[in-house]
There are 2 protein chains.
Amino acid sequence: MSLLVVGSVALDSVETPFGLKEDVLGGSATYFSTSASFFAPTQVVAVVGEDFPQAHLDFLKARGVDLEGVTREKGRTFRWKGRYGFQLNEAETLDTQLNVFQSFSPRLPEKYRDAQYVFLGNIHPELQSQVVDQVKAPKLVAADTMNFWINGSRPALLKTLKRVNLLFVNDGEARQLTGEHNIVRAARAILDMGPQRVVIKRGEYGALLFEKEHTFACPAMPIADVFDPTGAGDTFAGGFMGTLAIASQVNTETLRRAMVMGSVMASFTVEKFSLERLREVTRSEIRARFSDFKRLTHFEDLGPLEG
Amino acid sequence: MSLLVVGSVALDSVETPFGLKEDVLGGSATYFSTSASFFAPTQVVAVVGEDFPQAHLDFLKARGVDLEGVTREKGRTFRWKGRYGFQLNEAETLDTQLNVFQSFSPRLPEKYRDAQYVFLGNIHPELQSQVVDQVKAPKLVAADTMNFWINGSRPALLKTLKRVNLLFVNDGEARQLTGEHNIVRAARAILDMGPQRVVIKRGEYGALLFEKEHTFACPAMPIADVFDPTGAGDTFAGGFMGTLAIASQVNTETLRRAMVMGSVMASFTVEKFSLERLREVTRSEIRARFSDFKRLTHFEDLGPLEG
């Protein structure tokens, strides 16, 4: 049940209609591992710069996250700056400074090589492939990607996809990757590229899980106060993979529960800036929101149809 | 359990990437009553012109729809012409000819005045109000509206909303009506305007039902071959109101089942042009797709959370 994530640990500056936060904790591996840590011990491979506050690493450690794979290099930490409008759906990237992330080459500590569940965060597909090379016998390899790689590194991405069991993408990325506008056709095309499962994230509209034989639709929790959607996708993936890692097997039922738990965790993240809400959320709040999802989606079987 | 609909019976010309159909059967009351007729006897108040093919009326009659309230006036039938791009989400209206609909003033035949369930299709809010005046003791009055009335006839619409128990709107209309971008806040604001329930339609993303105390999220069936989304919203409302009309009471459970049946019926409509799919669909196909929705949304309760 060991869970490994490779991705960014970053300092974000985020502007929303509700305020501006500068150099706050961010990064795909950060959101993922914090979210997953509520369910399974999580190992992180990432790089930070000399300026990265020790307090952030201490926070992750306190959550039980294994940071042996996080190296501190000469230079500044990866920085992302973005802005959201009132729609709070898509960020406008104002600035990206790769810094130490520029020369990131993921090297797994020996004990990480036994990881059974692997999440390849949104890094260059060749680096994602290098991670798979280093893992001995994973039960499930999941990956995220983005428009930048779909356009710019397509051959490498297609190669990586052949080694991936489950792909997380948003609907725009799924369309871009496959050239299919219809989301069912796009999902089927992705399943033909290698992964046995694909999760299509649709922001406030929820997410779809496509398997060869089954489809699962998971709504997003309707939230009246969305403050900052940054990290929602990685938080989703963390809740998903964390739940899956503690399940006895990977099947339709455990994958569906993982989808709901991903949505549960993401619904907390968006309620405050950065990881503020994930820092304070409790297991009993998580359980309660899982039950809220049951109520949100429950309907009775059909009675007789009279006319 | 008598169900009444007031709306348009029209001739549509629709262009999609898959073809062009001219002067085919359309109109809100047509889609609504055909969809509802699978569940409950439905009475229609509408107007057609001299050119309206008798065969279309015969089709509705054969489905058990009561057409006593449909009058044939001098002049041409209401015509709508629209075009969809590959996204198939929103129609671009190319032409609207009101024709006999221009002077439409809904008058209910005496027996219609006992209707218990009433659907006010998307007509001028003052006409909607006139319909409510004529119904003796309705159990539930539902209404649809659109941006045209929200912008152009706001005071009349707000007056009508005070007499409506349930409003169907899409998310854009909900935002426009309330000035709230967040959909939860928009729904709450609508509940403050009069209706006890609001259904927010989100096209391929499904629909949300907001009550004071409960929220229900219903996905749309993922469909690989969407041909023509015209009438999907009215088909949804027809399946919804038809199912509700045969339920013994209006409560959270019956409303949720109505939401799913609305989605079931709409998922058929979009598979072919005009009412072609609704013409041929069978009760057993309807039942089977309702079960598909169960499978699409089903997930197991949460087991122990270990970490």
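**Figure 1. Salt bridge between A:Glu285 and A:Arg277.** In this predicted model, the side chains of A:Glu285 and A:Arg277 form a salt bridge, with the closest N and O atoms 3.1 Å apart. A:Arg277 is buried, its relative accessible area being 9%, whereas A:Glu285 is partly exposed, with a relative accessible area of 30%. The cut-off for a buried residue is under 20% relative accessible area, so A:Arg277 at 9% falls within that class.

**Figure 2. Network of salt bridges in chain A around A:Glu285 and A:Arg277.** Over all chains, the count of salt bridges comes to 44.

Figure 3. The side chains of A:Glu204 and B:Arg175 meet in a salt bridge with an N to O distance of 3.6 Å. On the chain A side, A:Glu204 is partly exposed, with a relative accessible area of 37%. On the chain B side, B:Arg175 has a relative accessible area of 18% and is buried.

**Figure 4. Salt bridge between B:Glu110 and B:Arg113.** Both partners of this salt bridge belong to chain B, and their closest N and O atoms are 3.6 Å apart. B:Arg113 counts as partly exposed, at 27% relative accessibility.

**Figure 5. The second largest pocket and the residues closest to its centre.** The second largest pocket holds about 430 Å³ of space. It is lined by 21 residues, of which B:Glu211, B:Lys212, B:Glu213, B:His214 and B:Thr215 are the closest to its centre. By class, the lining has 9 nonpolar, 4 polar and 8 charged residues.

**Figure 6. Helices and a strand that line the second largest pocket.** Elements of both chains A and B contribute to the lining. From chain A, α11 (283-297) supplies at least two residues. From chain B, α7 (183-191), β12 (207-211) and α9 (252-269) each supply at least two residues as well. The largest share of the lining, 4 residues, comes from α7(B).

Note on methods: Residues numbered from 1 in each chain as written. Chains lettered and ligands numbered in written order. Predicted model: local features only at pLDDT ≥ 70, side-chain atom pairs only at ≥ 80, totals over all residues. Heavy atoms only, no water. 1 Å grid on protein atoms, 1.4 Å probe; cavity = no way out; pocket = protein on both sides within 12 Å on 5 of 7 lines; lining within 4 Å. Points joined across faces, edges and corners; volume = space filled by probe spheres on them. Nonpolar A, V, L, I, M, F, W, Y, C, P; charged D, E, K, R; others polar. Salt bridge = Lys/Arg side-chain N within 4 Å of Asp/Glu carboxyl O. Buried < 20%, exposed > 50% of the residue type's maximum accessible area, 1.4 Å probe, protein only.
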